[in-house]
Amino acid sequence: MRLSEYFLPTLKETPAEAQIVSHRLMLRAGLIRQSSAGIYSWLPFGFRVLKKIERIVREEQDAAGCQEMLMPTIQPADLWRESERYDDYGPEMLRITDRHGRDMLYGPTNEEQITDIFRTSVRSYRDLPLILYHIQWKFRDEVRPRFGVMRGREFLMKDSYSFDIDADAAARSYNKMFVAYLRTFERLGLKAIPMRADSGPIGGEKSHEFLILAETGESEVGCHRDFIETDLTDQAIDYDADLQPIVDKFTARYAATDDQRDPEKEKALGDDLVTARGIEVGHIFYFGTKYSKAMNAVVTGPGGDQVPVAMGSYGIGVSRLVGAIIEASHDESGIIWPQPVAPFGVGLINLKADDGNCNEACESIYRRLGDKGIEVLYDDRRERAGVKFAEMDLIGLPRQLIVGPRGLGEGRVELKERKTGERREMTIDAALEAL
């Protein structure tokens, strides 16, 4: 994509309403624009990041045996009355009435909707286990929406729902999602730490939230140092096997959010204790028969009796992750995108767009990288070099390939790593090989 043709409305000044780093940088780098309080339009640059995250989340859900579907944003209130959550949920739920006088709501989550789909479609235990998911916009009417997409009212979420014949089978589904979440966040370039959590308005008996470490996190957490050094992405995961040993490996180590920290345990850890700020990016719940009993979601069991299914739900804040990644990966100059979610892999900078040799070299590089399937944002504008460098650092593409007349005269270009700031001079062929 040529920057001269790309809609990327960057800002030089920080908007007054932006209180945290991710909100400031998402506005300045042209990812989003506010529509109303807590509701944002996603501009092309931000939308590319959103779709990259969504793709990785989807691939890991599919690998774990989940099946994708799509449920509506608007739900009938009667389903929530069946589960007795309609009145309990609180003012965060946006309640509306359609033209026929029917009570509706903009879904903050989908336990009732998916339970209704299940109970009208599945009859036998032989159709279990089953995990269904979708990636859909949600709405929660926060009293004080703030921090940009980190605590907005409208947000994109991946939510999946498991159905099993009993608690033992449901534990296996829970473990699948636990491991899939660890792999998902690692592929996104994040180190997520699972911590036991309160179930909140979802309800249930078991719950873990996944937090990433960032200086500007919402709460202070304490954890064992081993969490920082563990990586599942290089391990082959058999989701049909017993995953309990992997789950046990993670849950046996100390990790606690600020309201559950144990000073005695932390003292015993000594140098192995890590304290930092944390941002929640995912939450998983096992709630057994809470919804299936209330809504009569039953199947015929092996003995012929009617059995309420054991259920769980599992959420990842897809749009929230964009902000969380920036909170965890930035510097004073701007965003530093991890390679897997970068909107473009390379920023190609033409330092002198009115120079024939520079133009010819850049056009060749742009074409050759494109032929290899590498996404390039080509700054072909007639701007000063300082402007181009500053904007490329602001938007945070992982690598910058810098082409100028002086270097070309010696047969060389410059390759810059955004994360480290390292610059290397090399031939065009060597630079292309490196990319």
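Predicted model: local features only at pLDDT ≥ 70, side-chain atom pairs only at ≥ 80, totals over all residues.
**Thr184**

I placed Thr184 in helix 5, which covers residues 167-187. Next I looked for a polar partner of its side chain. A polar atom of the Thr184 side chain lies 2.7 Å from the backbone oxygen of Ala180. Which residues does Thr184 touch, leaving out those up to four places away in sequence? I noted Ile56, Val57, Glu60 and Ile316.

**Helix 1 against helix 10**

I then turned to a helix pair. Two packed helices are described by the angle between their axes and the distance between the axes. I took helix 1 (residues 21-28) and helix 10 (residues 318-328). Their axes come within 8 Å and cross at roughly 105°. Angles of 65 to 115 degrees count as roughly perpendicular, and helix 1 and helix 10 are therefore roughly perpendicular to each other. I listed the residues that meet. Helix 1 brings Val21, Ser22, Leu25 and Met26. Helix 10 brings Val322, Gly323, Ile326 and Glu327. By class, I have five nonpolar residues, two polar and one charged in this contact.

In what order do the three strands of the open sheet run? I read 4-6-5, with antiparallel pairing. Strand 4 (74-76) and strand 5 (94-97) stand at the edges. Each has a single partner strand, so one side of each is left without a neighbour in the sheet. I followed strand 5 onto strand 6 (residues 103-106) and found four bridges in the antiparallel sense. Across this pair, Arg95 stands opposite Leu105 of strand 6.

**Helix 4**

How many of the nine residues of helix 4 (residues 111-119) are buried? I have seven, so helix 4 is largely enclosed by the rest of the structure. I wrote them down: Glu111, Glu112, Gln113, Ile114, Thr115, Phe118 and Arg119.

**Helix 12 and what follows**

Last, I checked helix 12, residues 385-395. Its buried residues are Val387, Lys388, Glu391, Met392, Asp393, Leu394 and Ile395. I also looked at the backbone just after helix 12. There, Gly396 takes a positive phi of about 80°.

Methods:
Residues numbered from 1 in each chain as written. Heavy atoms only, no water. Buried < 20%, exposed > 50% of the residue type's maximum accessible area, 1.4 Å probe, protein only. Helix = DSSP H or I, 4+ residues; strand = E, 2+ residues; numbered from the N terminus. Polar contact = N/O pair within 3.5 Å; in protein donor to acceptor, adjacent residues only side chain to side chain. Contact = heavy atoms within 4.5 Å. Axes fitted to C-alpha atoms, helices over the stretch in contact; angles between N-to-C directions. Parallel < 35°, antiparallel > 145°, perpendicular 65-115°, else oblique. Nonpolar A, V, L, I, M, F, W, Y, C, P; charged D, E, K, R; others polar. Pairing = 2+ DSSP bridges.
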